[in-house]
Amino acid sequence: MTISWESLWIQYVKFPLVTLGYEGSYDVFVKAHGDGLSGQAQAISLGNARALLKVSANHKSPLKSEGLLTRDSRTVERKKPVLKKARKAPQFSKR
């Protein structure tokens, strides 16, 4: 049994709606660009959760308990001037 990645990301996007029991109640139309499928799915999920929070303030506790109201703050570290990458230094040679 194989699971396609697209269905996995769609489930991730629908998770805020499923958490509150609204999976059949709302139609969600989204355009996402940049990052990859994982980053886009996380951004859409956060947007869905924030939109549901604006519908009713009572939705905050179930969404927060599932961790749907926080974003992943990890970003790519910048490249430093002398280094080859963010932390990779040139190889040291004694001679």
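The side chains of D72 and R74 meet in a salt bridge in this predicted model, with N and O lying 2.8 Å apart. By the rule applied here, the count of salt bridges comes to 3, and E77 takes part in a bridge with K80 as well as in one with R87. Side chains of opposite charge can pair when their charged atoms come close.

**The bridges of E77**

- K80 and E77 are joined through their side chains by a salt bridge with an N to O distance of 2.8 Å; K80 is partly exposed, its relative accessible area being 23%, and E77 is also partly exposed, at 37%.
- R87 forms a salt bridge with E77 in which the closest N and O atoms are 3.0 Å apart.
- Both R87 and E77 lie in the segment after α3 (60-65), so their pairing ties together parts that are 10 residues apart in sequence.
- R87 is exposed, with a relative accessible area of 66%.

- Through salt bridges that share partners, E77, K80 and R87 are joined into one network.

Key
Residues are numbered from 1 along each chain as its sequence is written. This is a predicted model: local features need pLDDT of at least 70, side-chain atom pairs count only at pLDDT 80 or more; totals for chains, interfaces and linings use all residues. Side-chain values use heavy atoms; hydrogens and water are left out. A salt bridge is a side-chain nitrogen of Lys or Arg within 4 Å of a carboxyl oxygen of Asp or Glu. Buried means under 20% relative accessible area, exposed over 50%, partly exposed in between (1.4 Å probe, protein chains only). Helices (H or I, at least four residues) and strands (E, at least two) are DSSP runs, numbered from the N terminus.
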